[in-house]
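Reader: I am new to protein structures and would like to learn how to read one. Could you walk me through a few features?

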Number of protein chains: 2
Amino acid sequence: MKQLPLLVAVLLMLVLSTATRAEQTYTLKLAETWGPNYPILGDATRNMAAMAEAMSGGRLRIRIDSSNRHKAPFGIFDMVKAGQYDMGHTASYYYKGKIPNAMYFTTVPFGMIAPEQYAWFYFGDGMALMEKVYAPHGLLSFPGGNTGNQMGGWFREEITSLDDLQGLKMRTPGFAGEVMAELGVAVTNIPPGELYTALERGTIDALEWVGPALDFNMGFHQIADYYYSGWQEPGAEVQFLINQQAWERLPADLQEILRVAMRTAAYDMYIQSTHQSGVAWSQMQQAYPDVQHRTFPPEVIDALRATTDRLLREASENDPLAREIVQSQQDYLRQVRPWINMSDRAYLNTVAPTD
Amino acid sequence: MKQLPLLVAVLLMLVLSTATRAEQTYTLKLAETWGPNYPILGDATRNMAAMAEAMSGGRLRIRIDSSNRHKAPFGIFDMVKAGQYDMGHTASYYYKGKIPNAMYFTTVPFGMIAPEQYAWFYFGDGMALMEKVYAPHGLLSFPGGNTGNQMGGWFREEITSLDDLQGLKMRTPGFAGEVMAELGVAVTNIPPGELYTALERGTIDALEWVGPALDFNMGFHQIADYYYSGWQEPGAEVQFLINQQAWERLPADLQEILRVAMRTAAYDMYIQSTHQSGVAWSQMQQAYPDVQHRTFPPEVIDALRATTDRLLREASENDPLAREIVQSQQDYLRQVRPWINMSDRAYLNTVAPTD
């Protein structure tokens, strides 16, 4: 009986270690580019966090900081790389200045629509190429939600020719802005909070934002009649970034829970965008019957495409990895687009009564 | 010191109960309609099971029986309802004979494409309506994967008018077959294993299967030149069925793991179908350059639509729940389709170079 105290000690350790293993919680800090309660984009992080917490029985918690807390909406890449945050929710193309090849993983003008691009990520070379770009920075990157096909923008006057673009004052940031500038557009940069007033007062003639779901709250349909289909962001995918060391601290089951929660939240965001854009466009048309949908005339599209092709060629000329990514996307598009054309496109064109 | 044995006993119980709670495993038996190693559809169940097992650290296991084991590919509904299996992977419209309203949750001719339909399920009334249909049978039903837009079929001769359909011998099952029969087609039912020979020998003139991804292995492109875009299954969603009691036996974390694993596997199947159809169509065209894509002429489309509308109206006339479902789908389509038309359809029509 004199071994009893030893037995008690051993059993006590077993209780503690078993209980600890089962109950140990992990909290990941996530910084998102978006402000608090931002629709769709902010819903995606909360959807992801809720799934991860419920699936792990509370063992994996994601604490989300919006831009009002971390004050660095376009500093997510740096903060997650430095380990200041474990995770981020942002868009790859915001970091074009630091890692030029990041931009290809959001969307490319004249490129793939959402289901094509998901197919490239998950069944083509997309994920492997994205890893090549992010691994040197100690980061993992995953698709984080798609906005769907973005609109070309709100215009106060119709665009019927290339001439109409000369001197047109338009807010359109990033790569699309570079292309537009080459075509003679006077591209201006105006903070989001001042856009409505700028468009209303004629400081600008046109602007590009996202699509009906996110444009609705900005109110642009109240002051511009022409809503043009897009060419510049056919399937904009935001991203989840994870610090490699934070990822490796997680046990295997929580890594898989996190991976699947991100994947589902990304798909869900694409579907939510589809839903919400349908709702918002229908509301815009009912309240403002003068608002009309337009597509750019062929000569404008042709000029946009030629300029896009040239700029993409120049960007990838001296960078073998950029060339590999661009080539992979173009090859994939050539393979998948004929199928999309003979299925959904043919169906929408020949079979559907609406519009 | 004489309480020591009691302390040992208490600690021993604690070790066991803590360990048991953490390690208790649940095994769900799943019956799938498909045969073993069936591509895409069978991949979806395995993808779901692998995610569930890894996310639960092995606490949730799904044992999959294919049709070669359970011998009842179209008996999944009955077997899961009876509790013979805990889960099923099948298509809702196979059970039209037993529960007529099940058919609306797979796809409807001239209805929604995949992203529209997911939006209806998850952000419209789809899930609530599906629950109304399945709950009385003690079953839960979840989207289980989308094939994408299905093709209208393989034809040995071109269809240029309604007259060409008179007496045409075609294999096309289900609702589409009923519509085709009304238009004068001699609809025949031939087992899958005999389809190639039947088409080759002229026993039939045409047949409908799925789309390039699944048609490829059937070899139809080797013996028929015309591949028509579809009208009958614009976004066929298969389903996961779960016995309500089996679901309720799971702890909350495993329920959420199962829900999310099914949701992701469903989305993944849609994306895999998109990928694999792109690959297969490209291979068909390279090996058989005579194979051509066609769309049915407007008079055929109009007749198909009018007949579809009439049959759907008749099916829902005396069934309030059917009317509610059909109305919900039509209302949703009217809301979401204008957005799809001004985004992806406009983009594919005006902006894309391929085809």
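Author: Gladly! This is a predicted model, and we can begin with its nonpolar cores. In soluble globular proteins, nonpolar side chains tend to be buried together.

Reader: Which residues touch the most other members of the largest nonpolar core?

Author: That core has 184 residues, and the ones touching the most other members are Tyr134(A), Phe155(A), Trp231(A), Tyr134(B), Phe155(B) and Trp231(B). Another core, of 49 residues, lies apart from it; Leu28(A), Met55(A), Val260(A) and Leu250(B) are among its members.

Reader: What does Phe155(B) touch, not counting residues up to four places away in sequence?

Author: Its partners are Leu168(B), Met170(B), Asp205(B), Ala206(B), Ala224(B), Asp225(B), Tyr226(B), Tyr228(B) and Phe296(B).

Reader: With which side chain does the side chain of Gln150(B) make a polar contact?

Author: With that of Thr147(B), at 3.1 Å. Beyond its neighbours within four places in sequence, Gln150(B) is also in contact with several residues, including Glu208(B), Trp209(B), Val210(B) and Ala236(B).

Reader: And Asn37(A), is that buried or exposed?

Author: Here the cut-off to remember is over 50% for exposed. Asn37(A) reaches 71% relative accessibility, so it counts as exposed. Asn37(A) also sits in a loop, the one between strand S1 (26-32) and helix H2 (41-55) of chain A.

Reader: How many residues apart along the chain are Asn37(A) and Ser66(A), and what separates their C-alpha atoms?

Author: They are 29 residues apart along the chain, and 8.5 Å separates their C-alpha atoms.

Reader: Can we step back to chain A as a whole?

Author: Of course. Chain A contains 13 helices and 11 strands, and its C-alpha atoms fill a box of roughly 100 × 45 × 45 Å along the principal axes. Of its 355 residues, 59% are buried. Looking at contacts with a separation of 6 or more, 77% join residues 24 or more positions apart.

Reader: What about the surface and the charges of chain A?

Author: The accessible surface comes to about 14000 Å², and 51% of it belongs to carbon and sulfur atoms. Chain A has 28 positive and 39 negative charges, whose mean positions are 9 Å apart.

Conventions
Residues numbered from 1 in each chain as written. Chains lettered and ligands numbered in written order. Predicted model: local features only at pLDDT ≥ 70, side-chain atom pairs only at ≥ 80, totals over all residues. Heavy atoms only, no water. Polar contact = N/O pair within 3.5 Å; in protein donor to acceptor, adjacent residues only side chain to side chain. Contact = heavy atoms within 4.5 Å. Core = buried A, V, L, I, M, F, W, Y, C linked by side-chain atoms within 4.5 Å. Buried < 20%, exposed > 50% of the residue type's maximum accessible area, 1.4 Å probe, protein only. Helix = DSSP H or I, 4+ residues; strand = E, 2+ residues; numbered from the N terminus. Areas by Shrake-Rupley, 256 points an atom, 1.4 Å probe, with all protein chains shown as cover. Lys, Arg positive; Asp, Glu negative; His and termini not counted. Charge placed at Lys NZ, Arg CZ, Asp CG, Glu CD.
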